[in-house]
Amino acid sequence: MLKVHAVPAFNDNYIWLIQPENSSKVMIVDPGDAVPVIKALKTKSLQPAAILITHHHADHIGGVTELLARYPVPVFGPANESIPAITHPLTADSNLRLHPDFPPFDVLDTPGHTAGHICYLTEGKLFCGDTLFAGGCGRLLGGTAPDLFQSLQQLSALPANTQIYCAHEYTQANLRFAEAVEPDNPDLQQRIRDTTALRKAAQPTVPSSIALELATNPFLRSQQPKIKRAAELFAGRPLADAQAVFTTLRSWKDQF
């Protein structure tokens, strides 16, 4: 069994520490800032075993150099992005043993937010960087809408109880957009209430689950007739298929 520690960074980032049962080792996911990571490691008496990177943006890799100066560990990351610190470049693969203390990982190619973005899946826990958010998805910052649509289709096919560890606390803003798209979705209305309560208590809204995203996240619901109608109303024209609906939703969200 794995324990996952959230390390808040910047205004809304989450850096994840993955810890096996009966071990003080951790894998550090997307350390954009070394300072809070070092503090968390010391406070919890944890020892880094590796760094996992999902994509090249500075708020995901900015702390790597400082961490490596203290902890010389392997750095896993996307083979199709230019990240000098990576020692073990990865593309899609399954049942990878990244470290003997940890269970196997599956690596998923999930381009769209960036051209080479990858995700890590282990023991029903998905570390998805900026591909899938709680209630939303990443912007197109190097990838394409068809790429991101296919990546999200891949993630939506994971088991319903898969836990979603995304890299940002964007949930409230994402749900405001979701409500504009699908205002009469009762599951979404309940999620808005639950999210509001969590944030009032200064609690994270992550992890989410595939089941909750399929019920409330418009970017995973582009095949739904009501979502299609809302996207067509925004676009001012008919939309041929779910990918066209998704592309319109992404453009709409960019302007929301």
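Biologist: Which residues are buried in helix α1 (residues 34–44)?

Modeller: Before I answer, please keep in mind that this is a predicted model, in which local features need pLDDT of at least 70 and side-chain atom pairs count only at pLDDT 80 or more, while totals for chains, interfaces and linings use all residues. Residues are numbered from 1 along each chain as its sequence is written, and side-chain values use heavy atoms, with hydrogens and water left out.

The buried residues of α1 are Ala34, Pro36, Val37, Ile38, Ala40 and Leu41. Here buried means under 20% relative accessible area, exposed means over 50%, and partly exposed lies in between, with a 1.4 Å probe and protein chains only. Helices (H or I, at least four residues) and strands (E, at least two) are DSSP runs, numbered from the N terminus. The N-terminal end of α1 is capped by Asp33, which has a side-chain oxygen 3.1 Å from the backbone nitrogen of Val35. Just after the helix comes Ser45, with a positive phi of about 55°.

What do the buried residues of α1 pack against? They pack against β1, β2, β3, β4 (47–52) and α3, where contact means heavy atoms within 4.5 Å. Arg70 belongs to helix α3 (residues 64–70), and, leaving aside its neighbours within four places in sequence, Arg70 is in contact with Ile38 and Lys42. With a relative accessibility of 47%, Arg70 counts as partly exposed.

Among the strands that α1 packs against is β2, and 8 of the 8 residues of β2 (residues 13–20) are buried, so this strand is largely enclosed by the rest of the structure. From β2, Asn13, Ile15, Leu17 and Gln19 point one way, whereas Tyr14, Trp16, Ile18 and Pro20 point the other way, and all of them are buried. Strand β1 (residues 2–9) pairs with β2 in the antiparallel sense over 8 bridges; two strands pair if DSSP finds at least two bridges between them. Strands of a sheet pair through backbone hydrogen bonds, either parallel or antiparallel. Val7 has Ile15 in β2 as its bridge partner, and the hairpin of β1 and β2 has 3 residues between the strands, with Phe10 in the turn taking a positive phi of about 55°. Strand β3 (residues 25–29) pairs with β2 over 3 bridges, again in the antiparallel sense, and Leu17 stands opposite Ile28 in β3. In this hairpin of β2 and β3 there are 4 residues between the strands, and Asn22 has a positive phi near 60°.

For another part of the chain, we can turn to helix α4 (residues 145–156), whose 12 residues reach 16 Å from the first C-alpha to the last, close to the 16 Å expected at 1.5 Å a residue; the expected span is 1.5 Å times one less than the number of residues. Buried in α4 are Ala145, Leu148, Phe149, Ser151, Leu152, Leu155 and Ser156. Seen down the axis of α4, these buried residues fall within an arc of 165°, so they line one face of the helix, the arc being that of the directions from the helix axis to the C-beta atoms. What covers them includes β8 (105–109), β10 (125–129), α7 (210–216) and α9 (242–255).

Thr131, in the loop between β10 and β11, is buried with a relative accessible area of 0%. Not counting residues up to four places away in sequence, Thr131 touches several residues, including Leu148, Ser151, Leu152 and Leu155, and Cys119 is another one of them. The side chain of Thr131 makes a polar contact with the side chain of His117 at 3.2 Å. A polar contact is a pair of N or O atoms within 3.5 Å; within protein, one must be able to donate a hydrogen and the other to accept it, and residues adjacent in sequence count only if both atoms are side-chain atoms.

Cys119 itself is buried at 0% relative accessibility, and its sulfur is 5.4 Å from the closest cysteine sulfur, in Cys128, which is too far for a bond. The structure holds 0 disulfides, a disulfide being a pair of cysteine sulfur atoms within 2.5 Å. Cys128 is likewise buried, with a relative accessible area of 0%.
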